[in-house]
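Please consult the sequence and the model as the answers proceed.

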Amino acid sequence: MFDYLIVGAGFAGAVMAERLASCDNKKVLVVESRHHIGGNTYDYYNDDGILVHKYGPHIFHTNSRDVYDYLSQFTAWRPYEHRVLASVDGMLVPIPINLNTINQLYGLKLSSLEVNNFLASKAEKKDRIITSEDVVINKVGRELYEKFFKGYTQKQWGLDPSELDASVAARIPTRNNCDNRYFTDTFQSMPLHGYTRLFERMLTHPNIKVMLGTDYKEIEGLIPYKKMIYTGPIDYFFDYCHGKLPYRSIEFRFETFETDRYQPTGTVNYPNEHPYTRVTEFKYLTGQKHIKTTVVFEHPKALGDPYYPVPRPENAELYRKYQLMANNKQNVFFTGRLATYKYYNMDQVIAQSLTLYKKIALITKNERPTNGQKLPSYES
Ligand code: FAD
Ligand code: UDP
């Protein structure tokens with residue numbers, strides 16, 4: 001009998017498995033429908049020997065020392081600060097929009113103070129910031145919105161920015177300085193030997209068994225367990241009883257070139273002129289030295305693996321219906337990007353699972369029998 005069945009071997013599930021096995025000596029079965037661990041962060045060496053991320057580029061960044069310290073038990077790090085250029089008006093300019101972007105785009109030599117005034121003169125101030133269109137136009141005006149955000153967002157989500165929550169475009173700041181980094185978090189680095197190796201080290205514990213290539217519904221009722229941690233899509237768990245939650249998918253098209261470098265930086269974004277949103281060259285991220293180079297083109301699409309929850313009011317409302325049902329499931333805990341329908345980065349998912357683990361550990365502690373009192377049974 002397993003203490004826990006954990007559905008999904010991405011960060012949400014692996015953190016739970018590792019904590020429950022290592023700290024509480026629980027017997028854990030991790031069931032994963034894909035043929036590998038690591039969830040969407042899975043990386044591997046392709047036929048040319050280049051380390052690539054199967055489900056698109058994953059750059060680790062966090063402000064949380066707890067998350068960084070936690071992961072550091074399972075990996076050494078390679079410091080890496082991601083830089084992105086956007087292809088706009090025939091030029092490659094830094095994104096997030098900063099002082100360099102404006103000066104390059106308009107052939108100016110503005111200072112930080114002057115760029116504030118420049119952007120203020122372009123911005124259309126909004127009383128209420130509700131959508132992703134509002135958030136950008138309010139900061140930088142319609143012209144820059146159309147150059148950098150409108151087309152990219154339409155491709156990425158299949159929706160106009162005016163149909164998406166403000167939180168989506170708000171991920172991208174605007175800066176009045178020359179900081180060309182994509183992220184400004186305190187901790188920015190890549191697992192030295194890749195994500196898959198990190199996961200292997202997390203899941204190598206005598207109490208953890210991993211079953212790959214298996215949807216958990218195939219083994220329900222066959223393998224006994226006491227409680228479940230679920231990290232797959234929440235609507236699937238409840239057999240879509242309230243209807244399907246939209247998730248955006250992406251086709252990842254890999255190409256290897258017989259050259260050392262393909263592009264001038266880790267990622268180039270294409271807001272306008274191409275069917276893909278961005279191109280990432282892995283060797284920048286991984287630091288690998290190789291005479292060839294592999295890049296990935298991202299072509300967003302509606303159907304396929306569920307990668308992105310789509311943040312907009314009607315979806316939040318539908319999710320709440322499932323969340324209510326989830327709250328009433330006593331021995332099932334939901335965590336992760338798909339199970340809580342949140343557009344979370346890796347560090348947020350790790351933090352969410354570490355918090356859930358602490359909550360479960362507390363419940364378990366309070367359940368310990370005292371004076372001959374019996375433990376409540378969780379077997380269904
Ligand atoms: P997942 O990694 O999706 O893991 C869930 C696992 O559950 C999957 O492996 C799935 O196969 C399995 N599963 C689902 N249903 C079942 C079932 N019925 N039975 C058995 N198994 C099941 N974050 C960053 O911090 N930095 C980045 O640069 C970054 N880039 C990203 C780029 C892309 C293209 C995408 C899509 C995401 C990116 N993210 C990034 C986000 C990151 O991928 C997630 O935050 C993180 O991987 C979520 O972990 P998870 O465990 O919740 O989900
Ligand atoms: N975005 C954009 N243009 C860009 C970069 C981002 O319009 O050049 C918008 C787009 O809607 C995107 C969102 O900002 O989905 C968040 O961007 P991020 O790079 O964080 O996306 P992710 O890496 O999660 O795909």
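Q: Which residues are the closest to ligand 1, and how many surround it?
A: In this predicted model, ligand 1 is surrounded by 34 residues, and the closest are Glu32, His58, Ile59, Tyr344 and Met346. By class, this shell divides into 17 nonpolar, twelve polar and five charged residues.

Q: What makes the approach of aspartate 215 to ligand 1 a polar contact?
A: A polar side-chain atom of aspartate 215 lies 3.3 Å from a nitrogen atom of the ligand. A polar contact requires a pair of N or O atoms within 3.5 Å, so this pair qualifies. A polar backbone atom of proline 57 is 3.0 Å from a nitrogen atom of ligand 1, and a polar backbone atom of arginine 337 is 2.9 Å from an oxygen atom of ligand 1. Of the 1000 Å² that ligand 1 exposes when taken alone, the protein buries 94%. Helix 1 (11-24) and helix 12 (346-367) are the elements that give two or more residues to the shell.

Q: Which element gives the most to the shell around ligand 2?
A: Helix 5 (residues 132-157) does, with six residues. The shell has 15 residues in total, and the closest are Thr153, Arg171, Tyr182, Tyr308 and Tyr343. An N or O atom in the side chain of tyrosine 182 is 2.5 Å from an oxygen atom of ligand 2. For the side chain of arginine 171, the corresponding distance to an oxygen atom of ligand 2 is 2.8 Å.

Q: Why is the pair of tyrosine 216 and phenylalanine 237 called stacked?
A: The model has 29 aromatic pairs. In this one the ring centres are 6.2 Å apart, within the 6.5 Å limit for a pair, and the planes stand at 10 degrees, under the 30 degrees required, so the pair is stacked. Tyrosine 216 belongs to helix 8 (residues 216-219) and phenylalanine 237 to helix 9 (residues 234-237), so the pair ties together parts that are 21 residues apart in sequence.

Q: How do you know whether tyrosine 216 is buried or exposed?
A: Its relative accessible area is 4%, and buried means under 20%, so tyrosine 216 is buried. Phenylalanine 237, at 12%, is buried by that criterion as well.

Q: What makes lysine 217 a charge over the ring of tyrosine 236?
A: The charged end of lysine 217 sits over that ring, 4.1 Å from its centre, and the limit for this distance is 6 Å. Arginine 261 likewise has its charged end over the ring of tyrosine 284, 3.9 Å from the centre.

How values were computed: Residues numbered from 1 in each chain as written. Chains lettered and ligands numbered in written order. Predicted model: local features only at pLDDT ≥ 70, side-chain atom pairs only at ≥ 80, totals over all residues. Heavy atoms only, no water. Phe/Tyr/Trp six-rings, centres within 6.5 Å; stacked < 30°, edge-to-face > 60°. Helix = DSSP H or I, 4+ residues; strand = E, 2+ residues; numbered from the N terminus. Buried < 20%, exposed > 50% of the residue type's maximum accessible area, 1.4 Å probe, protein only. Lys NZ or Arg CZ within 6 Å of the ring centre and 35° of its normal. Near = heavy atom within 4 Å. Polar contact = N/O pair within 3.5 Å; in protein donor to acceptor, adjacent residues only side chain to side chain. Areas by Shrake-Rupley, 256 points an atom, 1.4 Å probe, with all protein chains shown as cover. Nonpolar A, V, L, I, M, F, W, Y, C, P; charged D, E, K, R; others polar.
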